[in-house]
Amino acid sequence: MEVVALVDCDSFFVSCEQKVNPELRDKPVCVLSNKDGCVISRSKEAKEMGVRMGQPYFLAKVEFPQAVYVSSHHELYGEISNEVMSLLREFSPKVQVYSIDEAFIELTGLKRLYKKNYFDLAIYIREKIKERIGIPVSIGISSTKTLAKLASDKAKMSDEGVYMIANKKIHSELKKTSIEEIWGIGKKLTVLFKKSGILSAADLVAKEDAWLDEKVGIHGVEMKHELLGEIISPVINEEKPPKSVQKTSAFGIFTSDLDFIKNQLNYHIHSACRKIRRIDCKAQTVAVMLRTKDFRVVYEKKCLPVPTDSELEISDIAFLLLDKIYSPQVVYRSAGIILDDLKSNIVQQLFLFSDDILETKKEKLVKCFDRLEAKFGKDIIQIGFIK
């Protein structure tokens, strides 16, 4: 029997904020979307209070003034997510990151290694994540991804934070699972199934494959067999690197000050370069974007002969691009950097006219940046420019 677990970080954005600011623990905390538009994460206390997911901030603060509202810090969440995923890979070679706060992990055979049954092993993993990273998680265990997802939803309501659907319990679980609870079934499919008399997961798996294929397509057939405990989608640990990385944010003020814009751009360049180094890539194309006060976007890009992950090199290129699109007569609200056409270092092509000594020095310098930040904290290194 294959054993798959879904590790789901609880109220992840809120948990990250509570990790770096312990004063927020045990309080009704809400994390807001970009520009504080609406609520995108809630603590248990905020949920019990009645704050709704997606509720606009201007309404929530009037209806629930006692809640604590926090602006989002997505770079922080990305870093903590990487810590969680790295720790999971210490337990199993097969970890598939599903989202920033969820990952599937293959547990098959690990009970012999850890001398624990699968339920106790999940509890052990959960305790280690809490102890080493400070993030609470719920873990669902079963024989397929679809069932593990269902188990993880139930784990959030259990005292142990872990829930297991063993093969012999599959049918009893399906009988008490409504059609809306199944992973991958949205509003349209729910309406279709209910019109056809399918109200529970048990009703769904009772349907013939041919009927599901006709009404839903292959996705419906695969869903049925995953619910029956047959692996259709195995856990794979291949992570596809993004094609590009973009870093941008609105200024605190509207401005035409070129030095201010350069400083903001440098901050984004450093952040973007740190990210592509973390995924072991280099950028072949660099682009700079400015957004004016009236939301008009100006943009310029340059393709590089040799891919790079050095903020010093990218900064020089970005400032040349900035000069082409900047106008002192225009008032701007934001600036951003886009590192595009990313190349994996594993399959990096050699450039005939590259200076190997210079490239080696640049590699050592950026690695030094990363080591300093790992030891002393993010943004300990600030890149400047010559006026």
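## Contact between helix 1 and helix 4

Phe12, Phe13, Cys16, Glu17, Lys19 and Val20 of helix 1 meet His74, Leu76, Tyr77, Ile80 and Ser81 of helix 4, contact meaning heavy atoms within 4.5 Å. By class, this contact of helix 1 with helix 4 has seven nonpolar, two polar and two charged residues. Ala, Val, Leu, Ile, Met, Phe, Trp, Tyr, Cys and Pro count as nonpolar, Asp, Glu, Lys and Arg as charged, and the others, Gly among them, as polar.

Helix 1 and helix 4 (residues 74-91) pack at an angle of about 90°, and their axes are 10 Å apart. Helix 1 is therefore roughly perpendicular to helix 4, a term for angles of 65 to 115 degrees, with angles under 35 counted as roughly parallel, over 145 as roughly antiparallel and the rest as oblique. Axes are lines fitted to C-alpha atoms, for helices over the stretch in contact, and angles run from 0 to 180 degrees between N-to-C directions.

## Model and overall composition

This is a predicted model, in which local features need pLDDT of at least 70 and side-chain atom pairs count only at pLDDT 80 or more, while totals for chains, interfaces and linings use all residues. Residues are numbered from 1 along each chain as its sequence is written, and side-chain values use heavy atoms, with hydrogens and water left out.

The chain has 15 helices and twelve strands; these are DSSP runs numbered from the N terminus, helices being H or I of at least four residues and strands E of at least two. Of the 387 residues in the chain, 44% are buried (buried means under 20% relative accessible area, exposed over 50%, partly exposed in between, with a 1.4 Å probe and protein chains only). Among contacts between residues at least 6 apart in sequence, 63% join residues at least 24 apart.

## The second largest pocket

The second largest pocket has a volume of about 850 Å³. Of the 32 residues that line this pocket, Asp10, Ser11, Ser15, Lys44 and Pro136 are the closest to its centre. Two or more lining residues come from each of strand 1 (4-9), helix 1 (12-20), strand 3 (39-42), helix 2 (44-49) and helix 6 (118-132). Helix 1 gives the largest share of the lining, six residues. By class, the lining has nine nonpolar, nine polar and 14 charged residues.

On a 1 Å grid over the protein atoms alone, a pocket is an open set of points with protein on both sides within 12 Å along at least five of seven lines, whereas a cavity is a set where a 1.4 Å probe fits but cannot get out; lining residues have an atom within 4 Å of a point. Grid points are joined across faces, edges and corners, and a volume is the space filled by probe spheres set on the points.

## Individual residues

Asp8 is in strand 1 and is buried, with a relative accessible area of 7%. Leaving out residues up to four places away in sequence, Asp8 touches Asp101, Glu102, Val137, Ser138 and Lys156.

Most residues other than glycine have a negative phi. Ser11, in the loop between strand 1 and helix 1, has a positive phi of about 40° and is partly exposed at 21% relative accessible area. Asp341, in strand 12 (residues 332-344), has a positive phi of about 55° and is partly exposed at 31%.
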